[in-house]
Amino acid sequence: MKKIAALFLVLLMVLALGACSGEKDSKNSSIEKIGFVDSAYIFDNVQKHQEEKHESPDAGLLSCYDNLTSALLAMDKGEVTALWMNQTLAEYTLAQSDKYGLYSGELDDTIEIHSETTYGMLTMESNTEVYELLDRAIKQLKADGTLDELIENELLAYIDNPPVPAEIPEFEGAASYKIAITGDLPPTDFITADGKAAGFNVALLAAIAEMEQVNFELVPVSSTAKAVALTSGTVDAVFWMPYPYNCSHCGEAYAFSPEGTILTEPYFTDSIAVIQSKSAE
């Protein structure tokens, strides 16, 4: 765990220097190239922040991936040498294949930054109806213990096995809201081979629908398109993880979300892990 924490610190220091894609530049880390899963939005904004501050980003180490499948394929092909992701996603990946392990390199721990990220639901600030409904429901699910049961039975229970489809109840004549799902970030967000939505996010929506007597329509959206889908009105809410970013140049801290949006009460806190192919250990 100490190595993972140390790696995360260095990766965020690298993040403060650049955005996704670019040519190899090994001077910043012993890792030749890093892949980040489900993190593209923050990199776009880090780059904008650097441009506004007249900084000189160096993007040589970084690549971003919409989903787990494309990220693992890139690592299998040698396009990246390590993958940065949420702990639950990493644990799921390691449980499903013995090809991968936790990153084993030694890196310098020289900067203090956050090593956790929270999950919440993101809505437009102007859409008070949806925000208040989701925020109220998550708080109630926390208070009555239902959320803890969901995390245990619908998230942690599927670390070792693929998530199973969850049924969201439907209520005739009730209000309906569109929620974005990505489909390839298990065990939180997953679509089975036969096209059925599964994972913790769907189970959470089912619990909220039952509590509030509302309907949810699931809209498949790629990870990188979630922000646009929300701000354009294509969906009413997205599942969101505001990764913390500490700017090493200006000393300011950020948790990027699209302008005009608001995050609900968090429903889960996850840590960070980095994995690599065992053949690279």
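Where does Gln213 lie? Gln213 is in the loop between H7 and strand S10 (215–220). Its phi is near 55°, a positive value in a residue other than glycine. Gln213 is partly exposed, with a relative accessible area of 40%. Partly exposed falls between buried, under 20% relative accessible area, and exposed, over 50%, with a 1.4 Å probe and protein chains only.

The model is predicted: local features need pLDDT of at least 70, side-chain atom pairs count only at pLDDT 80 or more, and totals for chains, interfaces and linings use all residues. Residues are numbered from 1 along each chain as its sequence is written, and side-chain values use heavy atoms, with hydrogens and water left out.

Now the whole chain. It has eight helices and 15 strands. These are DSSP runs numbered from the N terminus: helices are H or I with at least four residues, strands are E with at least two. Of the 281 residues in the chain, 52% are buried. The chain exposes about 12600 Å², an area from the Shrake-Rupley method with a 1.4 Å probe. Carbon and sulfur atoms supply 47% of that area. Among contacts (heavy atoms within 4.5 Å) with a separation of 6 or more, 83% join residues 24 or more positions apart.

Next, a pair of helices. Two packed helices are described by the angle between their axes and the distance between the axes. Helix H6 spans residues 146–155 and helix H7 spans residues 200–212. Their axes come within 9 Å and cross at roughly 145°. Those axes are lines fitted to C-alpha atoms over the stretch in contact, and angles run from 0 to 180 degrees between N-to-C directions. H6 contributes Leu147, Leu150, Ile151, Glu154 and Leu155 to the contact. H7 contributes Phe200, Ala203, Leu204 and Ala207. Eight of these residues are nonpolar, none is polar and one is charged. Here Ala, Val, Leu, Ile, Met, Phe, Trp, Tyr, Cys and Pro count as nonpolar, Asp, Glu, Lys and Arg as charged, and the others, Gly among them, as polar.

Turn to helix H5, residues 128–143. Its 16 residues should span 22 Å at 1.5 Å a residue, and its end C-alpha atoms are 22 Å apart, which agrees. The expected span is 1.5 Å times one less than the number of residues. The buried residues of H5 include Val130, Tyr131, Leu134 and Ile138. Ala137 also lies in H5. Ala137 is buried, with a relative accessible area of 0%. Leaving aside neighbours within four places in sequence, Ala137 is in contact with Ile208, Met211 and Glu212. Ala137 and Glu210 are 73 residues apart in sequence and 10.0 Å apart in space, C-alpha to C-alpha. After H5 comes Gly145, whose phi is positive, near 90°.

Thr93 lies in helix H4 (residues 87–96). Beyond its neighbours within four places in sequence, Thr93 is in contact with Leu68, Leu72, Met85, Tyr100 and Ile275.

Two loops remain. Glu170 is in the loop between H6 and strand S6 (176–181). Glu170 is exposed, with a relative accessible area of 74%. Glu170 and Ala209 are 39 residues apart in sequence and 7.9 Å apart in space, C-alpha to C-alpha. Pro187 sits in the loop between strand S7 (184–185) and strand S8 (189–191). A cis peptide bond joins Pro186 and Pro187, with omega about 5°.
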